Amino acid sequence: MKPALFWSALLVLMLGLSYQPAGEEQHPPGPGRVLVVVPLGDPSPKLVENVAGSLKKRFNFQVLVNDGVPLPRSAWYLPRKRWRAEKLLDFLDTLELGENVWRVAGITEEPISTTKGKRYDWGIAGLATIGGRNSVFSSWLFKRWKAKHHQRYLRAMDNLVLHEVGHNLGLDHCPLKRCIMADAKGSARKAAMQSSNEFCPRCTEKLRVHLKDKKIRGKWSEKELAILRKTGWLPESD
Ligand SMILES: [Zn+2]
Ligand SMILES: [Zn+2]
């Protein structure tokens with residue numbers, strides 16, 4: 001083999017071996033992966049701190065907080081005076097957040113919405129795609145709890161943040177109402193009230209590589225475990 005041909009063959013081989021999907025295998029699980037929290041439209045620093053705290057407590061990747069960014073006019077939906085969440089997800093892609101960024105979580109106190117079935121503009125608490133890079137969530141739907149029921153407010157935000165980032169980490173909705181990954185079914189407040197703020201055995205298993213505490217947390221009833229078994233998420237003899 002001629003030297004030039006040899007080197008180009010070697011180069012092709014090396015390129016082939018080093019090819020990896022962006023953001024996944026290039027960062028090994030754990031602190032090599034960075035999630036950046038982006039405050040959108042000036043949310044309270046206390047809320048941002050709580051959101052970052054929820055993620056740090058639960059997950060083993062690095063959580064950093066970026067400088068605040070104004071909400072983009074491109075996401076403004078004038079007829080309902082709120083912000084389109086799917087446009088905010090796109091907007092997060094346009095920000096310069098550094099090379100090491102693996103996941104991005106946008107947090108705002110402003111109302112957000114997206115299309116849900118036949119409703120073009122439906123108010124939501126958060127949005128994220130399964131396995132996607134970006135998530136966005138808003139405290140707007142829980143703000144009535146902020147003053148009088150502050151613990152409930154913080155709990156709802158904790159549940160919301162873990163739910164949306166859970167989607168980005170590959171989780172779909174869970175059949176258990178008390179699991180963080182339960183489908184809110186159009187009512188964010190009701191879902192927050194029903195949640196145990198824990199991942200069920202099925203979701204813990206799916207998330208294990210990202211979790212600090214890899215044990216199943218919370219108490220899950222026989223009835224709930226039976227639901228997981230029926231849908232094939234738990235082995236029969238577990
Ligand atoms: Zn969801
Ligand atoms: Zn679950």
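User: What share of the 238 residues of the chain counts as buried, and what makes a residue buried?

Analyst: Of the 238 residues, 35% count as buried. A residue is buried if 20 or more other C-beta atoms, placed from the backbone, lie within 10 Å of its own, exposed if 12 or fewer do, and partly exposed in between. This is a predicted model, in which local features need pLDDT of at least 70 and side-chain atom pairs count only at pLDDT 80 or more, while totals for chains, interfaces and linings use all residues. Residues are numbered from 1 along each chain as its sequence is written; chains are lettered from A and ligands numbered from 1 in the order in which they are written.

User: Why is Gly123 called partly exposed?

Analyst: Gly123 has 18 C-beta neighbours inside 10 Å, and therefore counts as partly exposed. Gly123 belongs to strand β7 (residues 119–124); strands (E, at least two residues) and helices (H or I, at least four) are DSSP runs, numbered from the N terminus.

User: What makes β7 an edge strand?

Analyst: Strands pair if DSSP finds at least two bridges between them. An open sheet of mixed pairing has the order β3-β4-β6-β7, and its edge strands, β3 (76–77) and β7, each pair on one side only. The antiparallel strands β3 and β4 (residues 82–84) are joined by two bridges, so that pair meets the criterion.

User: How do you know which residues Gly123 touches?

Analyst: Contact requires C-beta atoms, placed from the backbone, within 7 Å. Leaving out residues up to four places away in sequence, Gly123 touches Arg82, Pro111, Ser113 and Leu141. Arg82 is also the bridge partner of Tyr77 in β4.

User: How do you know how the length of helix α2 compares with the expected span?

Analyst: The expected span is 1.5 Å times one less than the number of residues. Helix α2 (residues 45–58) has 14 residues and reaches 20 Å from its first C-alpha to its last, close to the 20 Å expected.

User: Which residues of α2 are buried, and what puts them on the same side?

Analyst: Val48, Val51, Ala52, Ser54, Leu55 and Arg58 are buried in α2. They lie on the same side because they cover an arc of only 150 degrees around the axis, taken from the directions from the helix axis to the C-beta atoms. The face turned away from the buried side carries the exposed residues Pro45, Lys46, Glu49 and Lys57.

Terms used:
Contact = placed C-beta atoms within 7 Å.
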